[in-house]
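Please look through the model below with the following notes at hand.

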Amino acid sequence: MMVRISAWLTVGMVAAVIAVPAKADIAIGAVVPLSGASATQGEDQRRGIELAVDEINAAGGVLGQPLKVIVEDSGGRPPSALDAAKKLVAVDKVPAVIGEYSSGITLPIGQYLVQEGKLHVNIGSSSNKIRDIGPTAFSVIGLEAVSSKFSAEDVAAQGWKNIVIVGPNNAYGHGMAEGFKTEFEKLGGKVVSTLLYTEGQTSYRRELQQAAQYKPDAFIYSAYGKDGALINREAFELGVNKTPWYAIYFSMCTADSKPEYVVGQYGMDLNYIGPDGKSYEEAYKKKYGADFKTSFSGYGYDAVKIFAAAANKAGSVEPQAVKAALIEVGKDYPGATGTITFDAERQRSYQPYLKLKKTETGMDVR
Amino acid sequence: MSEFALHVATIAALYAMLALSLNLQAGFAGLINFGQIALFGCGTYGAALAFSHALGPLAGFALGLVLVVLVALLFARLGRNLGADYWGIATLSIGEILRTIATNEIDITGGAQGIGGIPALFDTGSPLSGRLILFAVVLAALIATWFAFRRLTQSKFGLSLRLLREEPQLAAAFGYDLDGLRRRIMLAAALPAALSGFLFAHYLTFVGPDQLFASETFVIWTMVVVGGLGSHAGAVIGAIVVQCLFALVPFAKDAFGLPSEFVAAMRLVLIGGGLIGFLLLRPQGLIPERIGGVRG
Amino acid sequence: MIPIIIDIVLRTGDIALAAVALSAGYSLVKFPNIALMQYATVGPFLAYLFASWGAPLVAAALAACIAVGLIAVLLNITVFDRLLKSGSAIAMIGSLAAGMLFTAALLVTAGPDSRHFDFPVEAPLNVFGSPVTGPQLLAVAISLAAFVLLAALLFLTDIGRCMRATATNPDLARATGIDARLVVRVIIFLSGVLAALGGIGIAVKGELNILMGQDLMLPVFAAAILGGLGNPMGAIFGALVIATAETLAATLNFGPLIGKAFLFIPANYITAASFLILVLALLFRPHGLFVNEVKRV
């Protein structure tokens, strides 16, 4: 019985594959985590991509044809991500693939794409190892060194000397903590403790109480989704928030938190008030009826937009031509996440971040 | 297209080795291992640690073997006085503890960021021919495992395994050394799992703790249950069917214009639904276990 | 000291209800039901849904618990009873698969984002110098009330006596005229209700999202096994042991012992504490802390 069902299912799927019609429109691929532990970020990346596609097609598409981004789920699993990347390259014949979120997936799919001579645009991983992927790989997100330097200087400027870092125990958290510590200690500060919490717990009271025992001048933290909301709430409830808190990617850390919990926090975030950024934020709110869930949607948006601009400039979607055009376009390109300029290794060399402080009445730009 | 097919075949063959290994434990000896992915992880981290210490792949393979022998012996030791379901939970916990260590010991394992840039095993100048040779090696390893396991289970040893599964107390009463049996079966099953991990690491070029989530173990379980517990051919067929379905899901999405969120749920439905559907409707799997056929 | 005790109590509350549910279910249906962890996820989501339709929180929670209880009974009749014939391990794998289907259903209907019940922000109350919030007290009260009611049911009512009799010796119970099927259904219903209530307790003072059940699994299993699977009241004690171990591991400063200012067990190992206790318990006390007889489990 079950055999027959699964056999028919397989036959149906194979038939479906063969029946896929040849597409006239221009397609590129994206691999993001729509399920698994990073599904929230992946969904936000997808939203950014979707907004860019809407906007590009409303303005006439790429090279006069509509643009399509084939979004594949990585499930947060490297084998599935590689399935998806190979499908996009070998079957859909896309010239470029953007993604993923976690460095452990971005690295292997990036390396595969480079081997195949396709373009890869990193929109979510900040590990410094991304720099070495290869000659057709780009990053529209500033790697660790870029954001750490900015936030370490900002923290030092507040006069805080002894700080505790709080971050998730994953690739992002490890990179953030390590990067910040290096830069902050160069400036004469001291990281008295680094607390990497396990994501998805029902409470972070114990971690917070451990951190509070160090009596630091400030807590530097980064967290997303439910963890961020819970940490802010419990820090407020335990009174740990009487010490200053500094959020790396403010809107992501406080997305689900009530304002009462996070009043008085300092932080830094992507620049969404540039010429393109403000309209992007409004378009996002209009389409999804909510504030940014994470800081990652903007990179998906920028990656698609900058690809479209480069393809239009090159007059083709052939990877080498687009690569050359991308290097040209990527000089002071006005992105939603701020000005994008690629360095000699095609990584984003500089990102204009905002310095923020939450007050009773709203968010102040310091 | 052929490039994609080669990839799916390589991954399917790597998983088939894991499925054969799990099937030997669960299907023949009744050892419900929920920490199977930890055995695989010994192989991946063996390759990665050797690479990060500038040792060759041979050293990596040896390190993987040392690690996997230790973990397998620990699993076997735990099995001494536990029922099958309890042992499953124990192995699940050990798998999680090992993953936690791999995530936290940044100085040794690279932490959550893992170890990248592991070179392909066969550098022939063109990536495609390298991948073809790797596939041939994986296939050879799979076939070798299959034959070795078949010989093992058709021997007297195989009979004692089934006795261990069906009537452990009777086996003990007959004078079988249950601890020794369990140890040997775990060691035999652990080697191809580690080899699969080692080859996977060199295929993917990246090793990290995210590859060791407990959910990966359940993917392997689905393969074994779909194929048929207690059947070597079943484990291999199950791995191929599940991996092909996984690979086809995105095409179904394109063809029917489904939103990409459904693809995410679809993968869970395939694993969960496949498991439960087969357990309920066809518990013997696609290729049922052959009863008898034991040569003395 | 007081904050540590408060943390232990709160953490115990988080895992105890699901652990009691697991143990109670096991007393009559002999397999560890992994799908219970998903009942603890579905419960708060249903309560959240009902509350968003305008139901008052108590009514929404009650309705959600009953709904989950019914789902549990239904699943038991249609799936687990049949799988159990092939052995407890097969039934456990089936319950794991059922759990995945719940996750898939929630992923499609509710999405991966976390939510929280909308309580007004209040300054925390002062309990012996430590801050405690209203929702936290509420969650603890829910757990306590559930334990008292369960104990009363098990030890003071006829149906409770039947349950204990069936758990101890099903054949004898049937011979004395107890309707064993009904008794099993009642206890499965109760285990669903308790798991859902446990999830709601967590959601009330924190957040709810589709991964919460999965994250609870190992601590809950550790608590239930420590208390002796099949012994619901023992599970509460097991939860207390796990909560104490985790909390002490997190907050004790070992620095002064070796003449340094600070030395903590790294926070990223705290969750491993319950896994380790589980493995140690299975190695040395597989029947739980309360059983002395030596036999295979």
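1. Over all chains, the count comes to 31 salt bridges, where a salt bridge is a side-chain nitrogen of Lys or Arg within 4 Å of a carboxyl oxygen of Asp or Glu. Side chains of opposite charge can pair when their charged atoms come close. This is a predicted model, in which local features need pLDDT of at least 70 and side-chain atom pairs count only at pLDDT 80 or more, while totals for chains, interfaces and linings use all residues. Side-chain values use heavy atoms, with hydrogens and water left out; residues are numbered from 1 along each chain as its sequence is written, and chains are lettered from A and ligands numbered from 1 in the order in which they are written.

2. One of the salt bridges brings together the side chains of Glu246(C) and Arg206(A), at 2.7 Å from N to O. Because Glu246(C) belongs to helix α10 of chain C and Arg206(A) to helix α7 (residues 205-212) of chain A, the pair joins two chains; helices here are DSSP runs of H or I with at least four residues, strands are runs of E with at least two, and both are numbered from the N terminus. Glu246(C) counts as buried because its relative accessibility is 2%, and Arg206(A), with a relative accessible area of 5%, is buried as well. The classes are buried for under 20% relative accessible area, exposed for over 50%, and partly exposed in between, with a 1.4 Å probe and protein chains only.

3. Where does the salt bridge between Lys258(A) and Asp118(C) run, within one chain or between chains? The closest N and O atoms of Lys258(A) and Asp118(C) are 3.3 Å apart, and the pair crosses between chains, from the loop between α9 (250-253) and α10 (259-262) of chain A to the loop between α4 (88-109) and β1 (125-127) of chain C. On the chain A side, Lys258(A) is buried, with a relative accessible area of 16%, whereas Asp118(C) is exposed, with a relative accessible area of 66%.

4. Within chain A, Glu237(A) forms a salt bridge with Arg233(A), with 3.2 Å between the closest N and O atoms. Both residues lie in helix α8 (residues 225-238) of chain A and are four residues apart, about one turn of the helix. Glu237(A) is buried at 5% relative accessibility, and Arg233(A) is buried with a relative accessible area of 7%. Leaving aside residues up to four places away in sequence, Arg233(A) touches Tyr261(A), Pro135(C), Val204(C), Lys205(C) and Gly206(C), contact meaning heavy atoms within 4.5 Å.

5. Salt bridges also link Glu43(A), Arg46(A), Arg47(A), Glu50(A), Asp54(A) and Lys287(A) in a network.

6. A further lysine deserves a look: Lys87(A) has its place in helix α3 (residues 78-91) of chain A and counts as buried, because its relative accessibility is 1%. Not counting residues up to four places away in sequence, Lys87(A) touches Ile70(A), Glu72(A) and Asp92(A), together with Phe4(B), Pro250(B), Phe251(B) and Asp254(B).

7. Chain A contains an open sheet of five strands in the order β2-β1-β3-β4-β5, with parallel pairing; two strands pair if DSSP finds at least two bridges between them. Its edge strands are β2 (67-73) and β5 (137-139) of chain A, each of which pairs on one side only. The twist averages 25° from one strand to the next, given that axes are lines fitted to C-alpha atoms, for helices over the stretch in contact, and that angles run from 0 to 180 degrees between N-to-C directions.

8. Strand β1 (residues 26-32) of chain A runs parallel to strand β3 (residues 96-99) of chain A and is joined to it by three bridges; Gly99(A) in β3(A) is the bridge partner of Val31(A). Helix α2 (residues 39-58) of chain A packs on the sheet, where the helix touches β1, β2 and β3 of chain A, and its direction makes about 170° with that of β2(A).

9. Finally, Arg181(C) lies in helix α8 (residues 180-205) of chain C and is exposed, with a relative accessible area of 60%. Between Arg181(C) and Thr166(C) there are 9.9 Å in space, C-alpha to C-alpha, and the two are 15 residues apart in sequence.
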